[in-house]
Amino acid sequence: MPGRVAQAIEPGVVRRLARRLSAGVVIVTGTNGKTTTSRLISHVVQAAGLTPVHNRAGANLATGIAAALVQHSTAQGRLRGDLGVFEVDEATLPVVSGPLAPRSIVLTNLFRDQLDRYGEIDIVAGRWQRALSGAAGATAVIFNADDPLVADVGTGYGGPRVAFGIADVSCGIGVVEHAADARYCYRCGSRYVYDAVFFGHMGLYRCDGCGWRRPEPAVVATDVRMLGIEGTEFTLQTPAGTQRVRTPLPGVYNIHNVLAASAACLRLNVPFETITRQIGTFTPAFGRAEAVRLNGHQAVVLLAKNPAGFNEVLRTVLREPGDRVVMIAINDLTADGRDISWLWDVDFEMLAPGAAPIVVSGLRAEDMALRLRYAGIDEARVTTVPSIAAGLDAAAMAAGPARRLFVLPTYTAMLELRRVLQKRGLVRRFWEQ
Amino acid sequence: MHCVIVGTLMELRICHLYPDLLNLYGDRGNLMALSARARWRGIEVRVDERGLHDAVPSGGHDLYFLGGGEDRQQRLAAQDLRESKGAALRDAAGRGAVVLAVCGGYQLLGRYYRPAEGEDLLGVGLLDLTTEHPGPAAQRLIGNIVIRSALLGGATLVGFENHGGRTRLGPSARPLGVVLSGYGNNGEDRTEGAVSGHVYGTYLHGPLLPKNPVLTDHLIGAALRSRDPEMVLAPLPDRVETAAHNAALARAHGLYPSKASGTGVHR
C-alpha cells in the first residue's frame, strides 16, 4: 500500500508529484473503456518519445494514483516519466482532478453499473459537472458525443473541449436495447429520438422536446467495417488529417476507445501519422479479447461488466463462425458491483438458439444459471461450476479440439481467471502488461 | 411435464406500469418470472405495457407491476400515477387483484415520498405508509438482504436493496417480512415491505421474483383467484431457483457460495 502510506505522510503528495510531470497529466474516466483508452494513449505517446506514468489497471481510486506516482519516483522525489496517464474511477474524478491539474480529461461513457457504490447515474453526472466547473480553463475536456449524458456534461464545460463520435448509421443495432440507461432527455424529460443506436444509449440522438441534439464531433469514425473478433476497420477523421485505420480491438465500444485516445493524443500534439500507425499495432489487454492458448486450443476472454457491454460482447461472440463453448463467470465483489440484478437486463436470450454448451461460474454462478433458465435456454446445455479454476477446466473439456472457447467474466472473475492461467504459465504476469 | 390445472381460467392478464421510467435493477426479470411460471403451467399470459398518459381501464388486469426508478423518473411517474392510473389501481385492490411494486414504485403506493431535495411526491395511498429521505448526506441503504415472511409460511425472501428513502408503516399496513440480514424499510424497526390485502410493496430487487419462486407463485395464484376462487397452481421443478435462492442466502451472510458448496460440478 505505498499509495495509502504516502498519502498519510504527505497529503499534498499527489499534487506535488504530479506537478513534476513535465508533459502534464491526462485523466481517463467513465464506466467502460478506461483501461483500453489509457493504455492506447500510453502506446501512442511512447512512439512520440514520451515516457508515460500509468496507474495499474483497476487501481483507479485516489490511492492507486498516489501509488503510481510514488512507485515511479526516485528517492529524491524525481519522477521517472514525463506524462501521467491515469485511469480514474468515475466517482473519484472530483477528488483527484484538482490535485492532478490535468491537461486533458477524457470522458468515455456513463452506464449504470455499480449503482450500489455510487447511487444513481444522474448523481455521477452531477459530480462530474461540479468537478469540471472547478477545473482550470487550461484543462481540455475530451468527451463522447454519442453518449447523451456525457455529451451534456461535456458541452456544459466552459474551457476547451473536443467531442468524438461515430458517424456511420450502419453500426447501429436498430432499436434502443433494454439495457439503455438514458432514454429521456436530461434537460426536458422528453424521450430521445435516435437515428441510429450503436449499443446501450450510445448513438445518433436528438430531443424533439427542447431541441438539444448530439454535438457535432471533431474526431470521427466513418465507413466502419466490423471484422468480428479480429477487430474493426474505419476511417479516422480529425482536424489534423484523415486516414483509414484498422484496430485489433473488436466491437463498436472499442471504436469509441480508439477515438478517445486519438483525440487525447492530438491534444498532446502527437503527429497524426504516429497516432494512426500506433492504433494498428496496439494489442488488447488481458480480458479485452486477448486470445490465450489453453490445452492446445484457443480461448478468447472478453470482459463483460454491465448490460450494454455484455450485449455487445454477446453479439461479437455470436458473429464468429463455427462451433463454440461459452463460459460466463459472474462475481459480486465491490469492483464488480455487489448487486447482480443487472444480469436480468442483459439479453441472454441471444444464446437460446443453437446447442452450444454453456458453463456458468463465479460467486454468483447459480444466479447466472437461473437467468439462463428464464432466457429459455435448455437446462441440458448449462453446467454450473462455481469455482473458476474448475469451471475453466469443464469449459475446456467441453470445447475439445473442435470448438472455440469464449470466456465472459466480470472484472474480479477476470482477475481470478488470469491468476489461474498465470499459475499454469499461460499468461504473462499482471504487472508486466 | 404434465400440468394439472384446477379451474377453468386460462389467462393471466398483467399490466406493467411505466416500463420505460421505472425499470431499474433488472425489474424486467420480475415480468419474466411471472410470465414463464404461468406459461410453464399452461396458463396464457398477456402483458400490457402502460406508460405516461396511457389510460388504464378498471377491471382489465389481474396483476399490476411497478418497478424502481431514479428520482427524476419517479417524479414523472408519480403525478401520472395519481392522475391517470390511481382509479384503476384502487379498483384492483378492491376486487382482490394483485398490485406489486418494488423500490421506487413501492414508495409511490404510499401516502407520500419526501425526497432529499424538492417537493414531496404524493402517492396513491394504497398502502398505509410514508417515506422520507433524510437528506443528500445521509447514507443510502445498500446491500444484500434476507427477510422472513410470515405471510408465506415463514419462507425466506432474498434480494438486494438500494434506497435512500426511509419508509414507516402506518397501522393498517403489515410488513411483508422481518429483516434477518440487511436494512429493510428504514434500517431501524426490522420491518421490510408492506402488504395490505393483495397490494404488495418491497425494497427487494435482485430482481425479486426469479429467486423467490414461493412469492412468485403466491402472487400468480392470488391474481388468478381474483377471478376464479377455485384456481390451484400445479407445482414446478424449482431446482435452479432453489440453488440461486440458497446461494443468495449464503452471500447475504458474507459467505462465498462457491466455497460453501465446494468446487463440485452440478447440473
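1. Arg324(A) stands opposite Arg404(A) of strand S17(A). S17(A) covers residues 404–409 of chain A, and strand S14 of chain A covers residues 324–329; the two run parallel and are joined by 6 bridges. Strands pair here if DSSP finds at least two bridges between them. Strands are DSSP runs of E with at least two residues, helices are runs of H or I with at least four, and both are numbered from the N terminus.

2. On provenance: this is a predicted model, in which local features need pLDDT of at least 70 and side-chain atom pairs count only at pLDDT 80 or more, while totals for chains, interfaces and linings use all residues. Residues are numbered from 1 along each chain as its sequence is written, and chains are lettered from A and ligands numbered from 1 in the order in which they are written.

3. S17(A) is mostly covered, with 6 of its 6 residues buried. A residue is buried if 20 or more other C-beta atoms lie within 10 Å of its own, exposed if 12 or fewer, and partly exposed in between, with C-beta atoms placed from the backbone. Arg404(A), Phe406(A) and Leu408(A) point one way from the strand, whereas Leu405(A), Val407(A) and Pro409(A) point the other way. Both sets are buried, the arginine included.

4. Chain A as a whole has 14 helices and 17 strands. Of its 433 residues, 56% count as buried. Among its contacts between residues at least 6 apart in sequence, 70% join residues at least 24 apart. A contact requires the C-beta atoms of two residues, placed from the backbone, to lie within 7 Å.

5. Helix H8 of chain A (residues 148–155) is largely enclosed by the rest of the structure, because 7 of its 8 residues are buried. The buried ones are Pro148(A), Leu149(A), Val150(A), Ala151(A), Asp152(A), Val153(A) and Gly154(A). Gly154(A) counts as buried because it has 24 C-beta neighbours inside 10 Å. Leaving aside neighbours within four places in sequence, Gly154(A) is in contact with Leu107(A), Val141(A), Phe143(A), Arg161(A) and Ala163(A). Pro99(A) is 55 residues from Gly154(A) in sequence and 21 Å from it in space, C-alpha to C-alpha.

6. Which residues does Gln129(A) touch, not counting those up to four places away in sequence? They are Val153(A) and Gly156(A). Gln129(A) belongs to helix H7 of chain A, residues 121–133. With 15 C-beta neighbours inside 10 Å, Gln129(A) counts as partly exposed. Its C-alpha atom is separated by 18 Å from that of Trp212(A), 83 residues apart along the chain.

7. The largest nonpolar core has 123 residues. Such a core is a set of buried Ala, Val, Leu, Ile, Met, Phe, Trp, Tyr and Cys residues joined through C-beta atoms within 7 Å. Met327(A), Ala369(A), Leu63(B), Val99(B) and Leu108(B) have the most contacts inside this core. Helix H2 of chain B (residues 71–95) gives the most to it, with 7 residues. Another core, of 86 residues, lies apart from it and includes Ile41(A), Cys171(A), Cys185(A) and Tyr192(A). In soluble globular proteins, nonpolar side chains tend to be buried together.

8. Chain B has an open sheet of 6 strands in the order S2-S1-S3-S4-S14-S13, with mixed pairing. Its edge strands, S2 (44–50) and S13 (194–196), each pair on one side only. From one strand to the next the twist averages 15°. S13(B) runs antiparallel to S14(B) (residues 199–202), with 3 bridges between them. Ala194(B) stands opposite Gly201(B) of S14(B).

9. H1(B) lies across S1 (11–17), S2, S3 (63–66) and S4 (98–102) of chain B, at about 155° to S2(B). H4(B) packs on the sheet as well, touching S1, S3 and S4 of chain B, and its direction makes about 145° with that of S4(B). Axes are lines fitted to C-alpha atoms, for helices over the stretch in contact, and angles run from 0 to 180 degrees between N-to-C directions.

10. The axes of H1(B) (residues 28–39) and H4(B) (residues 213–225) come within 10 Å and cross at roughly 70°. These helices are therefore roughly perpendicular to each other, a term for angles of 65 to 115 degrees. H1(B) contributes Ala33(B), Leu34(B), Arg37(B) and Ala38(B) to the contact, and H4(B) contributes Pro213(B), Thr216(B), Asp217(B) and Ile220(B).

Definitions and conventions:
Parallel < 35°, antiparallel > 145°, perpendicular 65-115°, else oblique.
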